[in-house]
Amino acid sequence: MPARIPMTERQRGALLALPETEDEVVRHHSFDAGDLAAIAGARTPETRLGYALQLACLRYPGRHLRRGERLPAIMLDHVAEQVGVDAAAIASFARRTQTRYEQLAAIKRQFGFTDLTRPARRELATWLADEAIGLTDGKLLIERLLNRMREQRIIVPGVTVVERMAGEAMHAADTRVTSDVHAALREEQRAALDALLSDKAHAQQSRLSWLREPPSRVGGRSLLELLDKIDLLRATGYADVDVPGDFSARFALMAREGARHTAQSLQQMGPARRYTTLVATLRELEATLTDAAIAMFGALVGRANLNARKRLEETIAVADEQGRERLTRIAGVLEALTSAARTGGDIAAAVAAVADLDVIAADAALIRRTVRPGRPRALGELAAEYRVFKQVGDRFLCSFAFEGRAATAALRTAIGVLVDLAGDWRKPLPADVPLGHVELRWHRHVVSGGRIDRTYWELATYFAVSSALTSGDLWVPTSRVHRALEDLITPATAQPGIPVALLPPPTFSADEWLARKSVELDAALLATARGLSGKDPLLFTGEKLRFPKGPKADDGDDAPGRALGAQMYGALPTIRITDVLSQVARWTGFVDHFGHVSSGLPPSDERAFLAALIAEATNLGLTRMADICGVASRRALLRMQTWHMREDTFRAALGCLTDAIHAEPVAAWFGEGWRATADGQHFYLGGPGEGGGSVNAHYGRDPIVKIYTTITDRYAPLHQTVIAGTAGEAIHALDGILGHESGANIGALHTDGGGVSDIVFAVMHLLGLNFEPRIPRLSDRRLYAFEPRARYGRLAPLFGHRLDANLIRGHWQDVAPLIEAMRNRTVTPSLILKKLSAFRQQNTLAAALREIGRVERTLFTLRWFEDPALRRQVTAELNKGEARNTLARAVAFHRLGRFRDRGHENQQTRAAALNLVTAAIILFNCRYLDRAMSTLNIEIADHKGALGQLSPLGWDHINLTGDYVWSDPAVFDADGFLPLKVGQR
C-alpha cells in the first residue's frame, strides 16, 4: 500500500481549499498591472471574470478551478471588483467547455505555469528527502511541498498526489534514521538492548519496566536504586551512538513512542526499528533518571535539615521541662563540692552522693549547648544525619560529571576529594583539603580545635552541592533540568506549531528605565508620606502601615444576584457529565486536538476517549469506569490514555475551550478577558501515591500535592501544573501566563501572598505585564528607594536598604536574555525563577533582579495602601479562583478525593483532565445561561449589577456521580440543545 500521511477528511479538504478570509484573499488574489492587462484581453465580462478566477486559483491554492465549484463570496467579490465586472457574470462563464480549457492554456503560456511532470517530480522528491529528515509532522511537510510547488508554478494535480509524495519522503526519512542507527550499533550493544526487554528485574517485571518505575519514597535506598538504573542504562553503550543533529526531531518522537510501548510490543518490532526506538528512549530516560536522582539528593538534604530542626526543638523543649530539676541537681553538686572542700572531706564521694557522674556530665553538656552565644542552630544536630550521606554521597557524586562557574572551583575540588575517598574512613583527608566552598555558618562545626571535623566537612560539601545544583551554579550536562543556565535559555531548533507569547519586547535602556522609575518612585513615596497626616492615626502606629478599614458589606447587597442566579440556573436542563462533554466536543471539536503520538490522528472512538477523560478527571480510575460506562473495555480506555493524552494535547484542547468560553456573550458579564488569577489547590494522596507527596503542616499530617491553576477573569482555565505540597507558589505564577495556547491576551496577574517575590515582580514588569497580588499584611512589607530614607519623613522606619542603581545598570544586558527566553517559551518560567530564587545573595544577577523587583513591589505596595478599589478588584478576582477550586473539588470526588498516582507524569495527566472537564462545564453553563436569559426575557439593562455577581460554576444540574452513560440523540432539539426547564414544575 502506498505511503500516506495520516489526516482527517477536514484536514485533507483544507489543504487546497479556496481562501475564505479577507486577509487571505487580499494577500493571494491581488492583481498587478500586468495581470490586469492580460485579463483585459478577454472579450466579454464573463470571460474576463473567468480568466481572473482561474489565474487566482492557480496562484493560490495552486490548483485548477474545478467545474461547477462553489466560490467563497469574499473571493468572488474581490476578484470581480479588481476586474471591473459584476460578480453575477460568473453564472454565464464557460458555457462552452472549450472556452475554459482555452483560457487555461493561455494562462499557462502567459504566466509560466506547468503541470507536474516526471522530471519535476524527481526534483521535488530529492528536495523532500532533505526536508523530511528534520520533520515529524507529515502535514507540515505537505504544506511545505505545496508552497514549493506554488513558488515554482507547478500546478498541484490533487491532494492524493502530494500526500503520497510527502508520505514516501517521510517513510524514506524514517527508514534512513533507523538503518543508520542500527548500522552504528555493535553486536554487544544490540545484545545489551535486547536484554533490557527479555531479562527480568523481578519475577514478572522486565528490566525496561523497572527502569521506568518512579521512586517509591524519599530515602537513601531510593537514591541508590536510581543510580543503579542509570548504571544499567549506561552499560548498554547506547550513548556511544553518534546521532546527527538533524535526527533530533525524529528521535524525540521515537522517545515519546518508546515511553508508551511495553517490552513485549518492542520485541515485536523489526530489529532496526526496535534498536533505534530503544536508543531514543534511553536517551530521554537517562535525563529523566538524572533529574530524579538530583531531586532525590536534594530531598535527602531537605529531610536532614528538617530532622535536625526537630531534634533541636525537642532538645530545647526537654531543656525547658527539665531545666529546674537539672539546675537543682547542679546546685546540689556545687554545695557538696563547697562543703567537702571546706571540711577536707572526700570530694568524689560527696559528688557521687548527689548524682551519678554520667548524669552530671550530661547536665553540663546540655547547659553548655543552651548557653552558647547567639540563637541555637540546627547545624549542630546534623551529625546524626551523616550516616545517610556516607551511604549514598560518594556514589551520587561519582555518577555524574559536574560542571560549574568559576566561583565553584573549590566545591568541584571538594567533590573530587570525596570521590577519591569513596566513603572509606581509613583514607585520611588530604592536607590541602579545600574549604573555600564551606559557608560561614558551617565554619565552627567544620574547623574544631584547629582540626577539620571530617563528618561536618563532608556534610557541608554535600549541602553545598545540593544548593549549587538548585541555583544553577553547578550543573550536569546529561540532565534536562539541571543544565547550565546558558543552555536552558538558548533556543533549540525552532519547532513548528509552537505559538510565541503575545508580549512585545522592551525597547528601553537601563538608564532610561532608571531615570523614569526614580522619578516615579520618589513621587509616589512623597505623596504617601505627605498624605499620612490626613489619614486615621491608627493606620501608622508602631512604625508600621496598616490597612484602612473599608465599609462592611451588607448581606443584602448580593441578594439580587443570588435571586437572578437561582432563576437562570433553575431553567437549565438536568444532564449527565458524559452528555456535557459530548455537547462541548460537538461545539468546539476539542477532542480532535488529542492526536495519536505517532500518527497525529484524533481518537477513533470519541465516547471511549471521553470515558477515559472522565475517569481521570473524577478520580474514578479506568478499571471502574470500564465496568460502569459500557462503551469500552479497560484496555481500550488505557489505549486512549496512553496514546492520546499528553501535556501538549491537553494544552491545545484547553486553549480551544478557553477561546470558546471567551467568545460566549455571557462571559463578558464576568470580566474584560485580560486579567488572570493563579492559585494552588491541595489534594491528599492515598495508597501508592503517598510516597510521591510531601507533608505540609498547614494541611495536616497526610502527604499532599498541589495543583496550581491559572484562570482568566471570565473563569476560563488557562493552565495547570502539579507542584509539591511544600513548594513555593511564587516561581510558578508565570507558567500559566506564558504557557497557554489560547488567544487570550493577558495583561495582569493576581495571586495571593504565596505567589509573591521580588524576582516575580521584576520578571512580570520586564515582560510588560501588571503583577497585582493580594497583600495580606502591610505591616510585614519593607519599602525601597533610590534616595535616602530620611527624605520620606514618617515612612523612614519602613525602609530596607537603599536601592543600588549601579547594580541594575551593570546587569541590564544579562537580564535581557532571561526575559527573552521566557517570552519566546524557550524555557519554562518556573525553572528559571527557581534557579534565580535559589542563588546566594552575593550572586549579582539575582541581586539585580531583586532590586528591579523591589522598585515595582514598592510602587505596588503604595498603590495597595492608597487605593481601596484596587484591593476590592484583586480580592474579587482571587475569589473567582477559590470558587473554581470548589467546582474542581466537586468533580474529583471519587476515592475520597485522594490521588493514588505515584508518578509525577500520572498526577499531571489527572490534573490536566480535571482542568479540561471543569472548562467544559464552564462553557456548557455559559451557553445555556445565554439561552436561559433569552428564553426568560431577561433584559441586561435591568440587571447590570446582578449579572456581574453570577458565575458559570454551578453544577447542581449536572450529574457527576456514577451515571456514566450517554443519552439518546433524540432528546436534543434540532439545534443540538437540550430543552430548558421553563414553565416546568
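**Exercise 1: two residues and their surroundings**

Glu616 lies in helix α26, residues 606-617, where helices are DSSP runs of H or I with at least four residues and strands are DSSP runs of E with at least two, numbered from the N terminus. The model is a predicted one, in which local features need pLDDT of at least 70 and side-chain atom pairs count only at pLDDT 80 or more, whereas totals for chains, interfaces and linings use all residues. Residues are numbered from 1 along each chain as its sequence is written, and side-chain values use heavy atoms, with hydrogens and water left out.

Task: determine whether Glu616 is buried or exposed, and which residues it touches.

Solution. With a relative accessible area of 4%, Glu616 is buried; the term stands for under 20% relative accessible area, against over 50% for exposed and partly exposed in between, with a 1.4 Å probe and protein chains only. Leaving aside residues up to four places away in sequence, Glu616 touches Gln641, Met645, Thr909, Arg910 and Ala913, contact being heavy atoms within 4.5 Å.

Task: carry out the corresponding analysis for His894, in the loop between α35 (868-891) and α36 (904-935).

Solution. His894 has a relative accessible area of 10% and is therefore buried. Its contacts, again not counting residues up to four places away in sequence, are Thr618, Asn619, Leu620, Gly962 and Tyr964.

**Exercise 2: a helix pair**

Task: describe how helix α7 (residues 118-133) and helix α9 (residues 159-184) are arranged.

Solution. The two axes come within 9 Å and cross at roughly 50°, so α7 and α9 are oblique to each other; angles under 35 degrees count as roughly parallel, over 145 as roughly antiparallel, 65 to 115 as roughly perpendicular and the rest as oblique. On the side of α7 the contact involves Arg121, Leu124, Leu128, Ala132 and Ile133, while α9 contributes residues including Val161, Met165, Arg176 and Val177. By class, the contact residues are 11 nonpolar, no polar and two charged.

Notes
Axes are lines fitted to C-alpha atoms, for helices over the stretch in contact, and angles run from 0 to 180 degrees between N-to-C directions. Ala, Val, Leu, Ile, Met, Phe, Trp, Tyr, Cys and Pro count as nonpolar, Asp, Glu, Lys and Arg as charged, and the others, Gly among them, as polar.
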